[in-house]
Amino acid sequence: MSGRRKAAVVIAIFRRPPHGIVFVERAVHLRDHPGQIGLPGGGVHLEDRDLAATALRELHEEVGIAPVRATIVGELPMLRQRRVNNFDVTPFVAVVAEGELTIDAAETAGVFLVPLAAVLEHRAEHIVLDYEGRRIWGLTARILESFVEEWTAGDLRARVTAELATGSL
(Lines give C-alpha, C1' and ligand atoms only; values in the text may rest on other atoms or scores of the structure.)
Protein backbone atom coordinates (compact mmCIF):
# COMPACT_ATOMS: atom_id res chain seq x y z
CA MET A 1 0.00 0.00 0.00
CA SER A 2 1.53 3.33 -1.04
CA GLY A 3 2.14 6.11 1.45
CA ARG A 4 2.84 3.77 4.32
CA ARG A 5 5.92 4.43 6.45
CA LYS A 6 8.12 1.83 8.13
CA ALA A 7 8.78 1.94 11.84
CA ALA A 8 10.30 -0.33 14.49
CA VAL A 9 9.84 -0.72 18.23
CA VAL A 10 11.70 -2.71 20.88
CA ILE A 11 10.37 -4.96 23.60
CA ALA A 12 13.47 -4.39 25.75
CA ILE A 13 13.73 -6.96 28.56
CA PHE A 14 16.20 -6.27 31.35
CA ARG A 15 18.58 -9.11 32.05
CA ARG A 16 18.16 -9.02 35.85
CA PRO A 17 14.97 -10.36 37.47
CA PRO A 18 12.13 -9.45 37.44
CA HIS A 19 13.17 -8.86 33.83
CA GLY A 20 11.38 -5.54 33.48
CA ILE A 21 10.18 -4.50 30.03
CA VAL A 22 10.79 -0.85 29.15
CA PHE A 23 7.79 1.35 28.36
CA VAL A 24 7.73 5.06 27.60
CA GLU A 25 5.10 7.70 28.10
CA ARG A 26 5.15 9.97 25.08
CA ALA A 27 5.37 13.74 25.58
CA VAL A 28 2.00 15.50 25.36
CA HIS A 29 3.15 17.99 22.69
CA LEU A 30 3.97 15.32 20.09
CA ARG A 31 1.91 15.11 16.91
CA ASP A 32 1.67 11.30 16.92
CA HIS A 33 0.15 9.63 20.00
CA PRO A 34 0.68 12.44 22.55
CA GLY A 35 0.71 11.26 26.16
CA GLN A 36 0.24 7.62 25.25
CA ILE A 37 2.22 4.72 26.64
CA GLY A 38 4.25 2.70 24.17
CA LEU A 39 7.44 0.85 23.51
CA PRO A 40 10.62 2.68 22.53
CA GLY A 41 10.65 3.07 18.78
CA GLY A 42 9.87 5.21 15.80
CA GLY A 43 10.13 5.75 12.10
CA VAL A 44 13.02 4.70 9.88
CA HIS A 45 15.69 7.34 9.21
CA LEU A 46 17.90 7.47 6.12
CA GLU A 47 20.97 6.46 8.13
CA ASP A 48 19.33 3.27 9.45
CA ARG A 49 20.70 0.23 7.61
CA ASP A 50 17.63 -1.88 8.49
CA LEU A 51 14.66 -2.02 10.83
CA ALA A 52 16.73 -3.53 13.65
CA ALA A 53 19.04 -0.50 13.44
CA THR A 54 15.98 1.75 13.66
CA ALA A 55 14.81 -0.06 16.77
CA LEU A 56 18.22 0.17 18.47
CA ARG A 57 18.68 3.84 17.52
CA GLU A 58 15.27 4.73 18.95
CA LEU A 59 15.95 2.71 22.13
CA HIS A 60 19.09 4.77 22.64
CA GLU A 61 17.49 8.11 21.77
CA GLU A 62 14.36 7.64 23.86
CA VAL A 63 15.63 5.92 27.01
CA GLY A 64 19.44 5.97 26.86
CA ILE A 65 20.07 2.26 26.24
CA ALA A 66 23.08 2.17 23.93
CA PRO A 67 23.09 -0.51 21.22
CA VAL A 68 26.04 -2.25 22.92
CA ARG A 69 23.76 -2.90 25.92
CA ALA A 70 21.12 -4.66 23.81
CA THR A 71 21.04 -8.03 22.06
CA ILE A 72 18.17 -8.55 19.65
CA VAL A 73 16.84 -12.09 20.04
CA GLY A 74 13.70 -11.94 17.94
CA GLU A 75 11.56 -10.16 15.42
CA LEU A 76 7.77 -10.28 15.57
CA PRO A 77 5.44 -9.96 12.59
CA MET A 78 4.84 -6.45 11.27
CA LEU A 79 1.65 -4.79 12.48
CA ARG A 80 -0.21 -2.12 10.60
CA GLN A 81 -1.23 0.83 12.68
CA ARG A 82 -4.97 1.36 12.52
CA ARG A 83 -6.83 4.60 11.92
CA VAL A 84 -4.34 7.04 13.39
CA ASN A 85 -1.50 7.12 10.89
CA ASN A 86 0.19 5.15 8.14
CA PHE A 87 2.94 3.21 9.94
CA ASP A 88 3.84 -0.42 9.38
CA VAL A 89 5.51 -1.31 12.69
CA THR A 90 7.98 -4.18 13.13
CA PRO A 91 8.57 -5.13 16.78
CA PHE A 92 11.91 -6.54 17.92
CA VAL A 93 12.64 -8.34 21.17
CA ALA A 94 15.92 -7.56 22.91
CA VAL A 95 17.62 -8.49 26.15
CA VAL A 96 19.36 -5.48 27.69
CA ALA A 97 22.09 -5.08 30.27
CA GLU A 98 21.32 -3.22 33.46
CA GLY A 99 22.04 0.46 33.57
CA GLU A 100 20.50 3.84 34.02
CA LEU A 101 17.59 4.93 31.88
CA THR A 102 17.65 8.52 30.67
CA ILE A 103 14.78 10.01 28.75
CA ASP A 104 14.81 12.45 25.86
CA ALA A 105 12.41 15.03 27.30
CA ALA A 106 11.65 16.34 23.80
CA GLU A 107 9.94 13.03 22.96
CA THR A 108 9.39 11.23 26.24
CA ALA A 109 7.57 12.33 29.40
CA GLY A 110 8.60 9.26 31.40
CA VAL A 111 9.89 5.72 31.39
CA PHE A 112 8.88 2.76 33.53
CA LEU A 113 9.28 -1.03 33.69
CA VAL A 114 6.64 -3.75 33.71
CA PRO A 115 7.84 -7.19 34.87
CA LEU A 116 7.98 -9.80 32.13
CA ALA A 117 5.64 -12.04 34.14
CA ALA A 118 2.94 -9.33 34.18
CA VAL A 119 3.12 -9.00 30.40
CA LEU A 120 3.02 -12.77 29.92
CA GLU A 121 -0.13 -12.95 32.03
CA HIS A 122 -1.76 -10.55 29.57
CA ARG A 123 -4.11 -12.56 27.36
CA ALA A 124 -4.98 -11.90 23.73
CA GLU A 125 -8.64 -11.40 24.55
CA HIS A 126 -7.78 -8.33 26.62
CA ILE A 127 -7.48 -5.16 24.59
CA VAL A 128 -5.87 -3.26 27.46
CA LEU A 129 -3.09 -4.05 29.94
CA ASP A 130 -3.43 -2.05 33.16
CA TYR A 131 -0.33 -1.99 35.32
CA GLU A 132 0.01 0.15 38.45
CA GLY A 133 -2.40 2.78 37.17
CA ARG A 134 -0.95 2.90 33.68
CA ARG A 135 -3.07 1.84 30.71
CA ILE A 136 -1.33 0.11 27.81
CA TRP A 137 -3.68 -0.17 24.85
CA GLY A 138 -3.97 0.17 21.09
CA LEU A 139 -1.05 -0.87 18.93
CA THR A 140 1.20 -1.43 21.95
CA ALA A 141 -1.32 -3.89 23.41
CA ARG A 142 -1.51 -5.64 20.03
CA ILE A 143 2.30 -5.91 19.98
CA LEU A 144 2.25 -7.42 23.47
CA GLU A 145 -0.40 -9.91 22.37
CA SER A 146 1.85 -10.93 19.46
CA PHE A 147 4.78 -11.22 21.89
CA VAL A 148 2.79 -13.49 24.24
CA GLU A 149 1.65 -15.65 21.32
CA GLU A 150 5.25 -16.08 20.08
CA TRP A 151 6.41 -16.75 23.65
CA THR A 152 3.91 -19.56 24.16
CA ALA A 153 3.72 -21.05 20.65
CA GLY A 154 7.09 -20.33 19.09
CA ASP A 155 10.73 -20.46 20.09
CA LEU A 156 10.92 -16.91 21.44
CA ARG A 157 10.89 -18.09 25.05
CA ALA A 158 13.88 -20.36 24.38
CA ARG A 159 15.82 -17.56 22.65
CA VAL A 160 15.16 -15.05 25.44
CA THR A 161 15.93 -17.62 28.15
CA ALA A 162 19.18 -18.61 26.42
CA GLU A 163 20.27 -14.98 26.20
CA LEU A 164 19.35 -14.32 29.82
CA ALA A 165 21.47 -17.35 30.81
CA THR A 166 24.56 -16.19 28.92
CA GLY A 167 25.06 -13.05 30.93
CA SER A 168 27.19 -11.77 28.05
CA LEU A 169 26.01 -8.18 28.18
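Predicted model: local features only at pLDDT ≥ 70, side-chain atom pairs only at ≥ 80, totals over all residues.
Let me start with a loop. Between strands β9, residues 129–131, and β10, residues 134–136, there is a loop that holds Glu 132. Glu 132 is not a glycine, yet its phi is positive, at about 45 degrees. Is Glu 132 buried or exposed? Glu 132 is exposed, and its relative accessible area is 63%.

Now for another loop, the one between β1 and β2. Which residue there has a positive phi without being a glycine? That is His 19, with a phi of about 55 degrees, and you will find His 19 in the loop between β1 and β2. His 19 has a relative accessible area of 18%, so this residue counts as buried.

The peptide bond leading from Pro 17 into Pro 18 is cis, and its omega is near 10 degrees. Arg 15 belongs to the loop between β1 and β2 too, and Arg 15 is buried at 13% relative accessible area. What does the side chain of Arg 15 come up against? One of its polar atoms lies 2.5 Å from the backbone oxygen of Glu 163.

Glu 163 takes us to helix α4, residues 156–166, where it is one of the buried residues, along with Leu 156, Val 160 and Leu 164. Looking down the axis of α4, these buried residues fall within an arc of 100 degrees, so they line one face of the helix. Here is the background: an α-helix has 3.6 residues a turn, so residues three or four places apart point the same way.

What covers the buried residues of α4? The cover includes strands β1 (5–14), β5 (70–75) and β7 (87–96), and helix α3 (138–153).

Let's look at that helix pair. The axes of α3 and α4 come within 6 Å of each other and cross at roughly 85 degrees. That is why α3 counts as roughly perpendicular to α4. By class, the contact between them has four nonpolar, no polar and two charged residues. On the α3 side we have Phe 147, Glu 150 and Trp 151, and on the α4 side Leu 156, Arg 157 and Val 160.

My last stop is Glu 62, in helix α1, residues 51–63. Glu 62 has 3% relative accessibility, so it counts as buried. Which residues surround Glu 62, leaving out those up to four places away in sequence? Among those it touches are Val 24, Leu 39, Pro 40, Thr 102 and Ile 103. Gly 41 is another, and the backbone nitrogen of Gly 41 lies 3.4 Å from a polar atom of the Glu 62 side chain. Asp 104 is also touched; Glu 62 and Asp 104 are 42 residues apart along the chain, but their C-alpha atoms are separated by 5.2 Å.

How values were computed. Residues numbered from 1 in each chain as written. Heavy atoms only, no water. Buried < 20%, exposed > 50% of the residue type's maximum accessible area, 1.4 Å probe, protein only. Helix = DSSP H or I, 4+ residues; strand = E, 2+ residues; numbered from the N terminus. Arc of directions from axis to C-beta. Contact = heavy atoms within 4.5 Å. Axes fitted to C-alpha atoms, helices over the stretch in contact; angles between N-to-C directions. Parallel < 35°, antiparallel > 145°, perpendicular 65-115°, else oblique. Nonpolar A, V, L, I, M, F, W, Y, C, P; charged D, E, K, R; others polar. Polar contact = N/O pair within 3.5 Å; in protein donor to acceptor, adjacent residues only side chain to side chain.
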